[in-house]
Amino acid sequence: VLLLMFMAGLEVDPKSLLKVGKPAIFAGIFGVFVPMLLIIPVVMYFDYPFAKALFVGILLASMSTSISAQVMLELGVLQKQEGLTMLGAALVDDAIVILLLSLFIAVNPGGIITEADNRSVFEVLFRIVAFLVIAIPLSWIVLPRIANAMYKLPIAEGTLMLAIVSTLLLSFASEYFGGIAGITGAFIAGMSLRQSRRGVVEQIERGIHAVNYGLLVPLFFVS
């Protein structure tokens, strides 16, 4: 999943993604709250309290960003306006669901979470914003320079190693420090390394493509 989102980030032009920001945001918002409005009454119909119905609604409102990105990548529409809008909407959807879930666990209405999170709502929001503000510019500046330098060294698959390590580190940081999904960190790593020299990007694409389609993608979809 992480390398699928890394590949999506490697393929997406950040400027083009920003151009579809407004429709992507609206689609992501509707993609969360419309399913919740449909799911909550259904769960309450089976005599569950509103707090539990809300929890189930939040969980089921999330769409699989990695699968959406993979399908669009296979169809060759990821860099088109429609593909960018769908990808942006999926990212917004996941971000909203993670935020709502974090807030729900922090508030814990009705005490339905047995191991409640003692973090305040402010702390949840602060961690998410702080991680994004620090991780995105830092990765954007540092990773391409390291990749360009490693490309010149006589190291077998050095840039591929950097891509995998940076993906894993940013994914871990996004969950541990930012409290958001690891796929967010993987996507940031892909977009950052996209700023490297063209030869570096092509070498990373070939390596990740072999790892993904030779082993990880088949295992992901059959499991």
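Is the crossing of α8 and α9 right-handed or left-handed? Keep that in mind as you look around this predicted model.

**Stop one: α8 and α9**

Select residues 158-176 for helix α8 and residues 182-193 for helix α9. Their axes come within 7 Å and cross at roughly 140°. That angle makes α8 oblique to α9, since only angles over 145 degrees would count as roughly antiparallel. As for the opening question, the crossing is right-handed.

Now show the side chains where the two helices meet. On α8, pick Leu 162, Ala 163, Ser 166, Thr 167, Leu 170, Ser 171, Ser 174 and Glu 175. Their partners on α9 are Gly 182, Gly 185, Ala 186, Ile 188, Ala 189 and Leu 193. Colour this contact by class and you will find seven nonpolar, six polar and one charged residues.

**Stop two: α10**

Next, move along to helix α10, residues 198-222. Select Arg 198 and Glu 202, whose side chains form a salt bridge at 3.4 Å, N to O. The structure holds one salt bridge, and this is where to see it. The two residues sit four apart in α10, about one turn of the helix. An α-helix has 3.6 residues a turn, so residues three or four places apart point the same way.

**Stop three: α1**

Finish at helix α1, residues 2-11. Nine of its ten residues are buried, so α1 is largely enclosed by the rest of the structure. To see them, select Leu 3, Leu 4, Met 5, Phe 6, Met 7, Ala 8, Gly 9, Leu 10 and Glu 11.

Key: Residues numbered from 1 in each chain as written. Predicted model: local features only at pLDDT ≥ 70, side-chain atom pairs only at ≥ 80, totals over all residues. Heavy atoms only, no water. Axes fitted to C-alpha atoms, helices over the stretch in contact; angles between N-to-C directions. Parallel < 35°, antiparallel > 145°, perpendicular 65-115°, else oblique. Left-handed = near helix turned anticlockwise from the far one by under 90°. Contact = heavy atoms within 4.5 Å. Nonpolar A, V, L, I, M, F, W, Y, C, P; charged D, E, K, R; others polar. Salt bridge = Lys/Arg side-chain N within 4 Å of Asp/Glu carboxyl O. Buried < 20%, exposed > 50% of the residue type's maximum accessible area, 1.4 Å probe, protein only.
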